[in-house]
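Please open the model in your viewer and keep the sequence panel beside it. The tour below moves from selection to selection.

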Amino acid sequence: MNRNKRTQTQLVFFIIQTQIGVGILGLPYNVFLQSKQDGWISVLIAGLIVQVIITYLWFLAKRFPKQSLFEYSKVITGKYVGTAINMAYITYGVLVTALILMYSTKVIKTWMLIYTPKWIIMMLLILTAIYLAREHVDTISNIYVLVSMLIVFLLVISFVVMGTYPIDYRYLFPIGAHFGLPWINGAREAYFSMLGFELILILYHHFHELGSKAVLKSATLANWVVTIIYMIMMIVSTIVFSPVEIAIVPEPVLYFVKSLNLQIVERIDLVFLSLWIVNVVTSLTSYLFLSIEGSRSLFKKKVSKKKATWILFIYASVSFSIAVLYKIDKIDTFNHIVMRISYALVCCVPLTMLIISLLRKKESGVSN
């Protein structure tokens, strides 16, 4: 496909599919534990914070429109520091891939394949992701646009639940009762479920011919679509379950889906999970794509599809090994480690590079 034929739609759905993955199932539970009935406000705050981050990520990327993060990091910080930053992002992609494998496998084993060894489930997920991640950005984007129609199914189910299940809007009140730190803590939990927007750093140069404003609009639209979907999930979960119930239900979205009684489908939650697995694979694909983009920069030459497959297989094997060897009951510990790394690589490092590039007047690979 010609670069000129890339569209804003492709970029929007690339970011959406990366953001919506494992986190959507446990988001209401994790946020509610922090901010109670004000959880939807915390999700909104997280969306605003993400929008601020997207803005300065975009501002950094548009200074080097024809280069990816892995190229202009060396221009801004120098060869050695830039290489270290690139290695950090590649490692980040591998670690997030491992975390997604852990969480998704835990849910699948709990709800669907109870007796299936976890390594088999992980292997099937990661092999599918490798198959997609080795493709060109155009192919991946087109697949994401296609499978994004499944998100509509999620919203339809949520509204059906609100129309058929006994709900109580009083669970949302009093609004603002947990103002302050609980809102921030809830926003922090929601932020992690929204990760994926940071891929704008490597996608910008693929879509730069759309124009810098078009890229910002696409990333902004993707962010607010995800924020609204998460707010709907938060509100539905809050009014379906009592405060006592939701505090002991790890995956409230699956529980209210399971409550639906359709004569033509006995276990609609299994149908929902089958479609949700597609979103898991797209998230895995995006972070493996992040890692392989970094490798292309390290080799300083075009990496063939065959060679890219082998590199992806190495990265995927590392993620797979971490996910298999890590104990299920220690997932939260690993989650906190990855979250702290994300704060550094998603928030701090790009902002620091932006400040340095402004101070040293570095732009488009040219220094004044």
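What follows is a walk from a surface patch to pairs of aromatic rings.

This is a predicted model, in which local features need pLDDT of at least 70 and side-chain atom pairs count only at pLDDT 80 or more, while totals for chains, interfaces and linings use all residues. Residues are numbered from 1 along each chain as its sequence is written, and side-chain values use heavy atoms, with hydrogens and water left out.

Begin by selecting Trp-119, Met-123, Leu-127, Trp-310 and Phe-313, which make a nonpolar surface patch of about 540 Å² (patch residues have over 30% relative accessible area and no salt bridge, with nonpolar side chains joined within 5 Å; a salt bridge is a side-chain nitrogen of Lys or Arg within 4 Å of a carboxyl oxygen of Asp or Glu; areas come from the Shrake-Rupley method with a 1.4 Å probe). Helix 6 (118–133) and helix 15 (305–325) each give two or more residues to this patch (helices are DSSP runs of H or I, at least four residues, numbered from the N terminus), and helix 6 supplies the largest share, three residues.

Select Phe-70 and Tyr-89, whose ring centres lie 6.5 Å apart with planes at 90 degrees, so the pair is edge-to-face. This pair links distant parts of the chain, with Phe-70 in helix 4 and Tyr-89 in helix 5, 19 residues apart.

Finally, select Phe-14, Tyr-144 and Phe-289, which ring pairs link into a cluster.

Definitions and conventions
Patch = residues over 30% accessible without salt bridge, like charges linked within 9 Å, V, L, I, M, F, W, Y side chains within 5 Å. Phe/Tyr/Trp six-rings, centres within 6.5 Å; stacked < 30°, edge-to-face > 60°.
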